[in-house]
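Have a look at it first.

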Amino acid sequence: MQLMSGYLGRLFEVADKRTAPQRLDARRTAIELLAMVLRDVMPSVPGGDGPEEVLLEMMRTHVREHLADPDLRVGILDRGTFERAFRRQYGTTPAGWRREYLYAGSAPATLA
């Protein structure tokens, strides 16, 4: 798990400097590595057509088993990580999105 954590941390640090195909390859590799690590932790890995399906089913199982646990960690804890992911997905920062859609006179009725 330490290896996986280090890999993902470094991946987030350098993702903005990579091309779209490189980011896609890194994402696939991360999913495969995580599925491999989880197989070691959870020997009864559910079947699936690929690492993505196996990982998704394992995450669903974990959440179901720990739903009442207040320490279940969801979302993105680091602001910088969130902002980089948001920028990659939407092409702007969260603040830029708010300026464009909420404060530029096109605010939803509930905010007016």
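Predicted model: local features only at pLDDT ≥ 70, side-chain atom pairs only at ≥ 80, totals over all residues.

Residues are numbered from 1 along each chain as its sequence is written, and side-chain values use heavy atoms, with hydrogens and water left out.

Q: What makes up the secondary structure of the chain?
A: Five helices and zero strands, which read along the sequence as α-α-α-α-α. Helices here are DSSP runs of H or I with at least four residues, strands are runs of E with at least two, and both are numbered from the N terminus.

Q: How do you know how much of the chain is buried?
A: Buried means under 20% relative accessible area, exposed means over 50%, and partly exposed is in between (1.4 Å probe, protein chains only). By that cut-off, 16% of the 112 residues count as buried. As for the surface, the chain exposes about 8,700 Å², with carbon and sulfur atoms supplying 56% of it; areas come from the Shrake-Rupley method with a 1.4 Å probe.

Q: Why is a set of residues called a nonpolar core?
A: The set has to consist of buried Ala, Val, Leu, Ile, Met, Phe, Trp, Tyr and Cys residues, joined through side-chain atoms within 4.5 Å. The largest one here has six residues: Met-4, Ala-30, Ile-31, Leu-34, Val-37 and Leu-55. Helix H2 (residues 20-41) gives the most to this core, with four residues.

Q: What does Ile-31 touch, leaving out residues up to four places away in sequence?
A: Ile-31 touches Pro-51, Glu-52 and Leu-55, where a contact means heavy atoms within 4.5 Å.

Q: Why is the pair Asp-16 and Arg-87 called a salt bridge?
A: The rule asks for a side-chain nitrogen of Lys or Arg within 4 Å of a carboxyl oxygen of Asp or Glu. The closest N and O atoms of Asp-16 and Arg-87 are 3.4 Å apart, so the pair qualifies. Asp-16 sits in the loop between helix H1 (2-14) and H2, and Arg-87 in helix H4 (residues 79-90), so the bridge ties together parts that are 71 residues apart in sequence.

Q: What makes Asp-16 and Arg-87 buried, exposed or partly exposed?
A: Asp-16 has a relative accessible area of 36%, so it falls in the in-between class, partly exposed. Arg-87 also comes out at 36% and is partly exposed.

Q: How do you know that Arg-60 and Glu-57 form a salt bridge?
A: Their closest N and O atoms are 3.9 Å apart, which is within the limit, so the pair counts. Both belong to helix H3 (residues 51-66), and being three residues apart they are separated by about one helical turn.

Q: Which class does each partner in the Arg-79 and Glu-83 salt bridge fall into?
A: The two side chains meet at 3.0 Å, N to O. Arg-79, at 65%, is exposed, whereas Glu-83, at 25%, is partly exposed.

Q: Which residues do salt bridges with shared partners join into one network?
A: Asp-16, Arg-87 and Arg-88. Arg-88 is found in helix H4, and its C-alpha atom is 7.7 Å from that of Asp-16, 72 residues apart along the chain.
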